[in-house]
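Me: Before we use any labels for this model, I would like each one traced back to its cut-off. Please set the value against the definition each time.

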Amino acid sequence: MKSVWQETTSLPSFPRLEEDIHTDVLIIGGGIAGILTAYRLKERGIDCVVAEKGKICSGVTGNTTAKITAQHGLIYAKLLKSGGKEAAQKYLVANEKALEQYEIMSRSIDCDFERKDSYVYSLTDQKKLTEEVEALQKIGFQADYVDSLPLPIQTVGAVRFPNQAQFHVLKFLSAVCKDLNIYENTFVREMIGTEAVTDRGKITAKRVVAATHFPFINKHGLYSFKLYQHRSYVIALENAADVNGMYVDESKTGLSFRNYKNLLLLGGGGHRTGKKGGNWNELREFARTHYPKATEKTFWSAQDCMSLDSVPYIGQYSKNTPDFFVATGFNKWGMTSAMAAADILADLLTGRQNDLAEVFSPSRSMLKPQLLVNGFESIVGLLTPSTKRCPHMGCALKRNEAEHSWDCSCHGSRFSSDGKVLDNPANGDLKNEQKQQ
């Protein structure tokens with residue numbers, strides 16, 4: 001099971017850390033957020049090291065659908081109500097700037113970058129769509145309401161963002177990362193202040209960025225309450241429709257469509273990690289019904305961190321950790337969010353003012369309805385009887401039959417059938433006695 005990006009690109013290889021080293025900034029995590037942050041810091045002459053526990057971009061980054069858009073579901077009406085006009089505008093500006101940065105960088109990188117319109121559709125709720133268009137008009141963005149889409153499903157319309165983009169994410173990052181100071185197969189097992197302990201050496205840094213998808217340090221920031229994880233699935237179909245754009249349902253469990261060359265990437269089947277969902281079965285059934293002549297070429301899955309208010313956490317890890325920073329909670333919109341994070345973190349780490357940083361502050365209010373849901377799921381997970389327990393915080397693990405894994409519904413850690421950790425925040429494998437059961 002490999003994504004179309006992994007099947008069509010070979011990434012550079014980097015050495016494993018074999019000794020103690022010092023650096024100005026340590027970035028833990030070699031996905032798109034960590035790599036872009038390192039790239040921005042290198043541009044400013046900052047000594048920087050990236051430590052990746054496995055192979056770079058082998059996690060969520062390599063399993064994205066690689067849409068570059070400032071349209072993140074129907075977020076702007078929500079932001080206008082909860083944070084006001086200024087917050088909504090700043091969120092839009094941060095993501096529009098990210099889109100422009102991708103275009104500028106892609107002029108010298110062969111990564112199949114192309115401008116495409118982006119659409120968020122609804123199957124049943126036209127009012128949500130019109131409210132989003134009105135919100136966007138209030139903050140100065142001209143989005144369109146459209147009532148007809150080239151999709152084989154009945155919708156009530158869509159919100160269109162013109163001139164967004166898509167690309168081949170691994171071709172792009174293969175060029176970006178080649179001159180960076182990266183260590184692969186370098187698992188940070190423990191943090192002692194700003195010193196990272198790995199299996200074969202220590203990395204002593206002045207400041208640290210956690211770009212590990214789900215932050216792994218529990219005693220600061222309350223990320224175990226502020227985040228949950230959501231799985232989604234993709235199949236790549238040959239001899240299917242060219243939809244000439246990027247389309248996503250406003251519902252978290254809906255379908256997404258976009259083309260890459262001669263393939264249609266059909267996404268969906270999503271569910272909270274540790275719960276049941278449609279997975280690839282739902283997508284394959286849809287394809288059999290609506291694209292009967294199509295052939296499945298590959299399939300893959302991804303896992304996304306979801307914040308309490310649909311806005312990423314980018315900035316100081318917590319109020320009590322002045323030398324520790326974080327980028328997480330991208331809510332399935334990792335491409336523009338990662339670029340925005342790189343720009344914001346590069347400014348914060350070099351003492352520059354960034355007027356957009358406040359919107360993404362990890363220390364903003366946690367008083368959101370999702371907090372109660374996350375707390376409930378944690379209590380249920382802790383109280384559920386199970387022979388297999390997550391080493392992160394002790395929640396019960398559930399069998400994911402579609403992916404042959406053991407998943408935690410509390411915080412989203414996942415483990416292979418033989419107990420190897422697949423997704424964090426768990427920072428280690430299952431104990432031997434759990435593997436044998």
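Predicted model: local features only at pLDDT ≥ 70, side-chain atom pairs only at ≥ 80, totals over all residues.

Me: How many helices and strands does the chain have?

Reply: The chain has 11 helices and 21 strands, where helices (H or I, at least four residues) and strands (E, at least two) are DSSP runs numbered from the N terminus.

Me: Why is the chain called as compact as a globular protein of that length?

Reply: The globule rule is 2.2 Å times the number of residues to the power 0.38, and the radius of gyration is taken over C-alpha atoms. For 437 residues the rule gives 22 Å and the chain has 21 Å, which is close, so the label applies. The C-alpha trace spans about 60 × 55 × 45 Å along its principal axes.

Me: What percentage of the residues of the chain count as buried?

Reply: Buried means under 20% relative accessible area, exposed over 50%, and partly exposed in between (1.4 Å probe, protein chains only). By that cut-off, 58% of the 437 residues are buried.

Me: What share of the contacts in the chain between residues at least 6 apart in sequence joins residues at least 24 apart?

Reply: With contact meaning heavy atoms within 4.5 Å, the share is 73%.

Me: What makes C395 and C410 a disulfide?

Reply: A disulfide is a pair of cysteine sulfur atoms within 2.5 Å. The sulfur atoms of C395 and C410 are 2.2 Å apart, and the pair qualifies. The structure holds one disulfide.

Me: Which parts of the chain does this pair tie together?

Reply: C395 lies in the loop between α10 (369–383) and β18 (397–400), and C410 in the loop between β19 (405–408) and β20 (414–416), so the parts joined are 15 residues apart in sequence. Both C395 and C410 are buried.

Me: Why is the disulfide called left-handed?

Reply: The torsion about the S-S bond of C395 and C410 is about -100 degrees, so the disulfide is left-handed.

How values were computed
Residues numbered from 1 in each chain as written. Heavy atoms only, no water.
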